[in-house]
Amino acid sequence: MQSNQHGSLVVVGTGISVAGQMTLITQNHVRQADIVYVAIPNKPGEAFIKQLNPNTHTLTDLYELGKSRVQTYQDMCDRIINSVEAGQKVCAAFYGHPGVFVNPSHRVIEVLKERGFSVMMEPGISAEDCLVADLGIDPAAFGCQSYEATQFLFRRYTLDPHMTQIIWQIWGVGDHTLTSTLAHEKRGLAALVSALSKYYPEDHPVIVYEARTSPLFTSRIDEVKLAELTSVQLSPISTLVIPSLGLPDFDHETLDSLGITAEDIQHHLSIKQPVN
Amino acid sequence: MTDKLVDFVNALDQDPALQAQYKEDPRGTAESFGVSDEDLSLLFGGNTEALQQRLDMAGLSSIVWVQHAK
């Protein structure tokens, strides 16, 4: 995009782990910036970025216990916007993928684009990417639906149990205050289990997943029955994965219109590729 | 002064060979890297509370990252 202002912003993601998941282009954006803002949850990752660019400043000081995240995100945006408007080439680095479950990254891009600045986002490795790798789940195998837990609970979503379900942030599910102060309560989790029980038997296996954030440890992969979920110890990074009930039936009306049959499809699916 | 535990975590996060070595022999790998006896005891001693405190002090703990529901 052609910009008409001097300052610029690139938003990058640092991955879920400490520093090993930063892409080469991300590292180069950090090196080439006038100033770097980082909002990542570990000091070694921050130290790694500081080695790439000494003019690195944290945004995590804006987090305060009990402070609404809406305000925290606004404060982060203000800090980044001020630097861009001062004419600086700014790089903002967020944890994971900068566009996934990150509010201020989208907001600053939107505001600065409206004001005529050059802005862009580079993709990063998200928790979902780690989940796919750790659990060996291909989102394309059954299709996949992905929700934030509280939003799923509060809204009238339609869940398709034939698809793999990924439900994020189950630890604080039902906490409408945006402060996580109600996260210790289990009422929301019980309501979530109740909502899911409309689609699955109580003994349907579900997985509590936590991507490893440090190479010292392994990712958490705990399989339990749906009905047991309320008694499981959760953490702020717990994600619920619900395996599919299996593929749905064929849509014979559509197949007929295309002149093919279910058997034709099964035949092609059964052709094995040789392994060299 | 650098924190050898932090250096070890950073190296481990970026080096597949070191990861393979750590998987095979966690304590020996950390020891060879130069992680202190005190930190080795915390990492492998089973006192999760003390380990958590150490990781917090080293900035290796996680912040809660959540996007609000709409």
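The model is a predicted one, in which local features need pLDDT of at least 70 and side-chain atom pairs count only at pLDDT 80 or more, while totals for chains, interfaces and linings use all residues. Residues are numbered from 1 along each chain as its sequence is written, chains are lettered from A and ligands numbered from 1 in the order in which they are written, and side-chain values use heavy atoms, with hydrogens and water left out.

Chain B contains five helices and zero strands (DSSP runs numbered from the N terminus: helices are H or I with at least four residues, strands are E with at least two). Of its 70 residues, 37% are buried (buried means under 20% relative accessible area, exposed over 50%, partly exposed in between; 1.4 Å probe, protein chains only).

In chain A, five strands form an open sheet in the order β6-β7-β10-β8-β9, with mixed pairing (two strands pair if DSSP finds at least two bridges between them). Its edge strands are β6 (144-148) and β9 (220-225) of chain A, each pairing on one side only. Five bridges join β6(A) to β7 (residues 164-168) of chain A in the parallel sense, and A:Gln145 stands opposite A:Gln165 in β7(A).

Turning to the side chains, A:His29 sits in helix α1 (residues 24-32) of chain A and counts as buried because its relative accessibility is 17%. The side chains of A:His29 and A:Glu122 are joined by a polar contact of 3.1 Å (a pair of N or O atoms within 3.5 Å; within protein, one must be able to donate a hydrogen and the other to accept it, and residues adjacent in sequence count only if both atoms are side-chain atoms).

Over all chains, the structure holds six aromatic pairs (rings of Phe, Tyr and Trp, the last by its six-membered ring, with centres within 6.5 Å; planes under 30 degrees apart count as stacked, over 60 as edge-to-face and the rest as tilted). One of them is the stacked pair A:Phe152 and A:Tyr157, at 6.2 Å centre to centre and 20° between the planes. B:Phe8 and B:Phe33 form a tilted pair, with 5.2 Å between centres and 55° between the planes. B:Phe8 lies in helix α1 (residues 4-14) of chain B and B:Phe33 in helix α3 (residues 26-33) of chain B, so this pair ties together parts 25 residues apart in sequence.
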